[in-house]
Amino acid sequence: MAGAPVSVGELDVRICQLASGSKGNSLYIESEKTRILIDAGLSALQISRRLEQIGVEADSLDAVFVTHEHSDHCRGLGPLSRRHKLPIFFHPATHAAIDKLGSVEERFFDIGEMVEFQDLQVMPFPITHDAAAPVGFVVETREGKIGVATDMGIATRLVQQNLRQCRVLVVETNHDEEMLRDGPYPWPLKQRIRGNHGHLSNVDGARLLQQVLWDGLDAVFLAHLSETNNTPQLAQHCVQRVLEAQNMCQPQMITGAPHVVSRCFDSGLS
Ligand SMILES: [Zn+2]
Ligand SMILES: [Zn+2]
């Protein structure tokens with residue numbers, strides 16, 4: 001069309017949290033040529049339905065990458081993979097720890113070893129969590145990097161290094177520290193959540209973001225919010241404070257939820 005804007009060098013990706021939280025996690029990433037999920041923690045049917053809501057056929061997916069074996073990340077993995085012939089990329093120890101996966105197309109990676117997949121390069125990096133071989137991912141597209149880091153007890157220096165210079169970040173803001181302390185969970189579970197192999201609080205997530213802010217940051221997804229020990233407002237407020245205290249970037253902030261698909265980050269609109 002004459003006069004249509006031509007975007008050169010823009011990040012040509014779409015990203016959306018199909019679900020986020022302790023009931024199920026699945027992140028959709030679309031580049032120019034490739035469509036992947038990171039984790040499949042809803043039933044295969046739910047994942048297909050939620051993809052339809054953003055105009056994507058599950059049959060058009062290319063692969064699933066798995067962070068760790070907990071059921072809120074793997075619930076639909078086997079059926080989804082078989083139904084839509086999707087290879088699954090995971091660490092061998094994660095594969096071994098998943099119950100009743102059935103027969104699937106397995107592709108194994110080592111932590112710290114780059115996976116080349118179509119027009120993506122995917123780097124699994126280590127995180128601290130109570131799982132066999134838990135990882136975060138940096139997904140590199142032709143135009144920029146997407147950093148995904150949830151289910152972490154602490155944001156180590158290595159996590160910070162991996163999340164530097166990402167144009168989109170998916171960061172865990174699991175709980176408000178006071179709500180967790182005063183909330184209904186039994187004491188051992190509270191200890192697990194705030195321990196070194198548990199989950200990042202809103203303050204921890206905001207601090208991690210603060211350490212990796214740069215002028216190329218376009219969007220921040222808040223992820224894995226607890227329904228019992230957090231509210232979207234508390235998590236957003238914490239992160240907003242960090243964003244307002246700097247003048248490097250003005251990223252979109254998108255909050256994930258368990259029962260509904262999040263807003264999409266769509267670089268074509270920016
Ligand atoms: Zn987990
Ligand atoms: Zn989880």
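1. The protein chain has nine helices and 14 strands; helices (H or I, at least four residues) and strands (E, at least two) are DSSP runs, numbered from the N terminus. This is a predicted model, in which local features need pLDDT of at least 70, side-chain atom pairs count only at pLDDT 80 or more, and totals for chains, interfaces and linings use all residues. Residues are numbered from 1 along each chain as its sequence is written, while chains are lettered from A and ligands numbered from 1 in the order in which they are written.

2. Overall dimensions. For 270 residues a compact globule would have a radius of gyration near 18 Å, and the protein chain agrees, with 18 Å. The radius is taken over C-alpha atoms, and the globule rule is 2.2 Å times the number of residues to the power 0.38. Along the principal axes, the C-alpha atoms fill a box of roughly 60 × 50 × 35 Å.

3. Burial and contacts. Of the 270 residues in the protein chain, 48% are buried. A residue is buried if 20 or more other C-beta atoms lie within 10 Å of its own, exposed if 12 or fewer, and partly exposed in between, with C-beta atoms placed from the backbone. Among contacts between residues at least 6 apart in sequence, 65% join residues at least 24 apart; a contact requires C-beta atoms, placed from the backbone, within 7 Å.

4. Strand 10. Six of the six residues of strand 10 (residues 144-149) are buried, so this strand is largely enclosed by the rest of the structure. In a regular strand the side chains alternate between the two faces of the sheet. Here Gly144, Ile146 and Val148 point one way and Lys145, Gly147 and Ala149 the other way, and all are buried.

5. Neighbours of strand 10. Strand 9 (residues 135-141) pairs with strand 10 in the antiparallel sense over five bridges, where pairing requires at least two DSSP bridges between two strands. The two strands form a hairpin with two residues between them. Strand 10 also pairs with strand 11 (residues 168-172), in the parallel sense and over four bridges. From strand 10 the chain crosses through helix 5 (residues 157-163) to strand 11 in a right-handed β-α-β crossover: with the strands pointing away from the viewer, the path from the first strand over the helix to the second runs clockwise.

6. Val260. This residue lies in the loop between strand 13 (252-255) and strand 14 (265-266). Val260 is partly exposed, with 13 other C-beta atoms within 10 Å. Val260 and Glu52 are 208 residues apart in sequence and 12 Å apart in space, C-alpha to C-alpha.

Technical notes. Two residues are in contact if their C-beta atoms, placed from the backbone, lie within 7 Å.
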